Amino acid sequence: YAEVYRLDPLTIAFDLGGGVQRSAAHDAELSSWSAALRGWSQLTLPMGRVAELNLEGEAYRSQANAVTTSESWSSYSAALFLRWLIY
């Protein structure tokens, strides 16, 4: 996890992670080891004193899954939102 403030007033935050995993269906042989990766990032731009504009993104890649029948699982998302600040 890191945050970057060098581009003031823009703030960049990100969190990256990775590892290896293997899985198996019930009563099946374990699969070989494969990468499991994740990432999250957020850009924040202040819009005056009472609001900020945020752009957020996430990505996941994994072998383990509970919602699909495939042997791997990936997820990607992005969101743009305006947050009102309450003091």
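Tutor: We take the sheet, then the side-chain pairs, then a few single residues.

Student: Fine. What kind of model is it, and how are residues numbered?

Tutor: This is a predicted model, with local features needing pLDDT of at least 70 and side-chain atom pairs counting only at pLDDT 80 or more, while totals for chains, interfaces and linings use all residues. Residues are numbered from 1 along each chain as its sequence is written, and side-chain values use heavy atoms, with hydrogens and water left out.

Student: How many strands are in the sheet, and in what order?

Tutor: 5 strands, in the order β1-β2-β3-β4-β5. The sheet is open and the pairing antiparallel. Strands here are DSSP runs (E, at least two residues), numbered from the N terminus. Two of them pair if DSSP finds at least two bridges between them.

Student: Which strands stand at the edges?

Tutor: β1 and β5 (73-84). Each has a single partner strand, so one side of each is left without a neighbour in the sheet.

Student: And the angle between neighbouring strands?

Tutor: On average they are turned by 10 degrees against each other, direction ignored. The axes are lines fitted to C-alpha atoms; angles run from 0 to 180 degrees between N-to-C directions.

Student: How many bridges join β3 to β4?

Tutor: 10, with the two strands running antiparallel. β4 covers residues 51-62. Trp40 stands opposite Glu58 in β4, and Arg38 stands opposite Tyr60.

Student: What about β2 and β3?

Tutor: Antiparallel again, over 11 bridges. β2 spans residues 11-21. Thr11 stands opposite Thr44 in β3.

Student: Switching to side chains. How many salt bridges are there?

Tutor: The count is 2 salt bridges. The rule asks for a side-chain nitrogen of Lys or Arg within 4 Å of a carboxyl oxygen of Asp or Glu.

Student: Which residues make them?

Tutor: Asp15 and Arg38 meet at 3.3 Å, N to O. That pair links strand β2 to strand β3, 23 residues apart. Arg83 pairs with Glu52, the closest N and O atoms being 2.3 Å apart. Arg83 lies in β5 and Glu52 in β4, so the pair ties together parts 31 residues apart in sequence.

Student: Is Glu52 buried or exposed?

Tutor: Glu52 counts as buried, at 13% relative accessibility. Buried means under 20% relative accessible area, exposed over 50%, and partly exposed in between (1.4 Å probe, protein chains only). Arg83 is partly exposed at 39%. Asp15 is partly exposed at 22%, and Arg38 is partly exposed too, at 37%.

Student: Now Thr44. Which side chains does its side chain contact?

Tutor: Thr44 makes a polar contact with the side chain of Gln42 at 3.2 Å and with the side chain of Asn54 at 2.7 Å. A polar contact is a pair of N or O atoms within 3.5 Å; within protein, one must be able to donate a hydrogen and the other to accept it, and residues adjacent in sequence count only if both atoms are side-chain atoms. Thr44 is buried at 13%.

Student: And Ser62?

Tutor: Ser62 lies in strand β4 and is buried, with a relative accessible area of 15%. Its side chain makes a polar contact with the side chain of Gln21 (2.7 Å).

How values were computed. Helices (H or I, at least four residues) and strands (E, at least two) are DSSP runs, numbered from the N terminus.
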